[in-house]
Amino acid sequence: MNRFHRARIALLGLTLLLSPFAHAGDYDAVTGIWQMSVQMGTQTNESTLTLSEADGVLKGMAGNERGAVPVQDLSFKENTLRWAVTLRGQKMPIEVTVDGDSFEGALKSPIGSLPVKGKRVTEEELAAQQRAIEGLVGDWEVYSEYDGNTIESKIRISIDEDDGDIEALIMSPGTRVMARRIELKDDTLRMVIGFP
């Protein structure tokens, strides 16, 4: 074997040895915490996607008000991020295009392709959002108009001690209803009220 072939083999060995480290840097574009939303008709489902890299492997956790679970089939190549989640026993793939600190794409569901958007946030931003929510805790008097009448209600906002989620109980004469999908965006508090 001549020196040229030995040099090529040595160079190939060095490339194989260093390739995991070169590949690991590719994940910097997606590691971190992402706040994401899936649009389902008129409803928006909010959740978080946390991506981290360990020993050249990309790992992810998806979370919502019911907790967090590892994502499946996670991959990132060029600017395309793919993963899957299982909802009600159905595996649903998600594919998004990453552009800096945001992404857009779709979730493939049994009812069709649903738009997905995401924005990368910091731990500090999440903490600031939590502080803003905690500032809302207490009883609030609410006045609304319905069919020409003014209805007086009370909204009791609290934080669940077990999971830290915000909860809201709407109380009006003869009625008590728990609100769902409560979120605070900028200075607007949104919630869905369902009556039996």
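## Paired strands

Two strands pair if DSSP finds at least two bridges between them. This model is predicted. Strand 10 (residues 138-146) and strand 11 (residues 149-159) pair in the antiparallel sense, over nine bridges. Tyrosine 143 sits opposite glutamate 152 in strand 11. The hairpin of strand 10 and strand 11 has two residues between the strands. Aspartate 147 in this hairpin takes a positive phi near 55°.

Strand 1 and strand 2 (residues 43-54) also run antiparallel, joined by nine bridges. Here serine 37 faces glutamate 46 in strand 2. Two residues separate the strands of this hairpin, and glycine 41 takes a positive phi near 65°. Strand 2 is joined in turn to strand 3 (residues 57-64) by seven bridges, again antiparallel. Serine 52 stands opposite lysine 59 in strand 3. The hairpin of strand 2 and strand 3 has two residues between them. Aspartate 55 in that turn has a positive phi of about 55°.

## A negative surface patch

Aspartate 55 also belongs to a patch of negative charge on the surface, together with Asp26, Asp28 and Glu53. Aspartate 28 lies in the loop between helix 1 (3-24) and strand 1 (32-40). Aspartate 28 counts as exposed because its relative accessibility is 56%, and the cut-off for exposed is over 50%.

## Salt bridges

The count comes to four salt bridges. One of them joins lysine 91 to aspartate 73, with the closest N and O atoms 2.7 Å apart. This pair links distant parts of the chain: lysine 91 is in strand 7 (residues 90-99) and aspartate 73 in strand 5 (residues 72-77), 18 residues apart. Lysine 91 is partly exposed, at 43% relative accessible area. Aspartate 73 counts as exposed, at 52%.

Arginine 82 and glutamate 95 meet in another salt bridge, at 2.9 Å from N to O. Arginine 82 lies in strand 6 (residues 80-87) and glutamate 95 in strand 7, 13 residues apart. Arginine 82 is partly exposed at 36%, and glutamate 95 is partly exposed at 39%.

Aspartate 139 forms a salt bridge with arginine 156, the closest N and O atoms being 2.8 Å apart. Aspartate 139 is in strand 10 and arginine 156 in strand 11, so the pair ties together parts 17 residues apart in sequence. Aspartate 139 is partly exposed at 42%, and arginine 156 is partly exposed at 36%.

## Helix 2

Alanine 132 is found in helix 2 (residues 123-134). Its relative accessibility is 38%, so alanine 132 counts as partly exposed. Alanine 132 and aspartate 186 are 54 residues apart in sequence, and 9.4 Å apart in space from C-alpha to C-alpha.

Definitions and conventions: Residues are numbered from 1 along each chain as its sequence is written. This is a predicted model: local features need pLDDT of at least 70, side-chain atom pairs count only at pLDDT 80 or more; totals for chains, interfaces and linings use all residues. Side-chain values use heavy atoms; hydrogens and water are left out. Patches are made of residues with over 30% relative accessible area and no salt bridge: like charges are joined within 9 Å, nonpolar side chains (Val, Leu, Ile, Met, Phe, Trp, Tyr) within 5 Å. Accessible areas come from the Shrake-Rupley method with a 1.4 Å probe; for residues, only the protein chains shown count as cover. A salt bridge is a side-chain nitrogen of Lys or Arg within 4 Å of a carboxyl oxygen of Asp or Glu. Lys and Arg count as positive and Asp and Glu as negative; His and the chain ends are not counted. The place of a charge is taken as NZ of Lys, CZ of Arg, CG of Asp or CD of Glu. Helices (H or I, at least four residues) and strands (E, at least two) are DSSP runs, numbered from the N terminus. Buried means under 20% relative accessible area, exposed over 50%, partly exposed in between (1.4 Å probe, protein chains only).
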